[in-house]
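Hello,

Please find the structure we discussed below. My notes on what was found in it follow.

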Amino acid sequence: GGGGRGRWSRDGAAHRGFQFGPGSLELTALLGLANATRLYGALSQDTLLTHLHSGTLGGITMGVIGVTIWLFAGTGGNLTRNVGITGLITALYVLAFWSGNFPARAITGTLELLAILYWWLWAFSASLREGFGHIDVPRRSLVLGLTILSLGAIDGVPIPTLPALGLALPASPHPPPPHPPAHVRLSPFSA
């Protein structure tokens, strides 16, 4: 009946989020093994950045999107399509890191940033509809986790984008910390 169809849409969108994760995590594992064993010698920085971003964005973020859709009971055909678009953008972003092409990183990074902000807005809006103070801890944690992911993306994307556009980063006597340490400081598991 009609109720089953909505449930199927939700499950289809969440399932799509989980489909993209394993392929990215396999790439992460293979690059990690190649790096650890030095099977191919020392890996380039582009390959190491691919290793990092395929795991964090491809594996973890796509899984978080799937869980977010599932816990907020998201429905609708657009949701499944948007997960697919996000997966494609993420795959292109990971490949841009591997290529070492800064303009490709800038373009796909900007698209990835927009995709991450879309999912944050989707989860935040869903939490407001239910009342942020009334949602359970897992859903509140997802919204806050997506907030941290969004801040990390806002911090990380302009760094390769400005030089690719021929612009210099502004000089500062107290420059902000590099992108990865900023994530560690924002992590709830950091000291």
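**Surface and overall make-up**

The protein exposes about 10900 Å², and carbon and sulfur atoms supply 70% of that area. Please keep in mind that this is a predicted model. Of its 191 residues, 36% count as buried.

The secondary structure consists of 7 helices and 0 strands. Read from the N terminus, the order of elements is therefore simple to write down: α-α-α-α-α-α-α. Among contacts in the protein with a separation of 6 or more, 74% are between residues 24 or more positions apart.

**Helices H2 and H4**

Helix H2 covers residues 45–71 and helix H4 covers residues 102–130. The two pack at an angle of about 20 degrees, and their axes are 11 Å apart. Because angles under 35 degrees count as roughly parallel, H2 is roughly parallel to H4. The crossing of H2 past H4 is left-handed.

On the H2 side, the contact is made by Asp-46, Leu-49, Leu-57, Ile-65, Thr-68 and Ile-69. H4 contributes Arg-105, Glu-112, Ile-116, Trp-119, Trp-122 and Ala-123. Sorted by class, the contact of H2 with H4 has 8 nonpolar residues, 1 polar residue and 3 charged residues. Thr-68 of H2 is in the contact and, by its residue type, counts as polar.

Regards

Key: Residues are numbered from 1 along each chain as its sequence is written. This is a predicted model: local features need pLDDT of at least 70, side-chain atom pairs count only at pLDDT 80 or more; totals for chains, interfaces and linings use all residues. Side-chain values use heavy atoms; hydrogens and water are left out. Axes are lines fitted to C-alpha atoms, for helices over the stretch in contact, and angles run from 0 to 180 degrees between N-to-C directions. Helices (H or I, at least four residues) and strands (E, at least two) are DSSP runs, numbered from the N terminus. Angles under 35 degrees count as roughly parallel, over 145 as roughly antiparallel, 65 to 115 as roughly perpendicular and the rest as oblique. A crossing is left-handed if the near helix is turned anticlockwise from the far one by less than a right angle, and right-handed if clockwise. Contact means heavy atoms within 4.5 Å. Buried means under 20% relative accessible area, exposed over 50%, partly exposed in between (1.4 Å probe, protein chains only). Accessible areas come from the Shrake-Rupley method with a 1.4 Å probe; for residues, only the protein chains shown count as cover.
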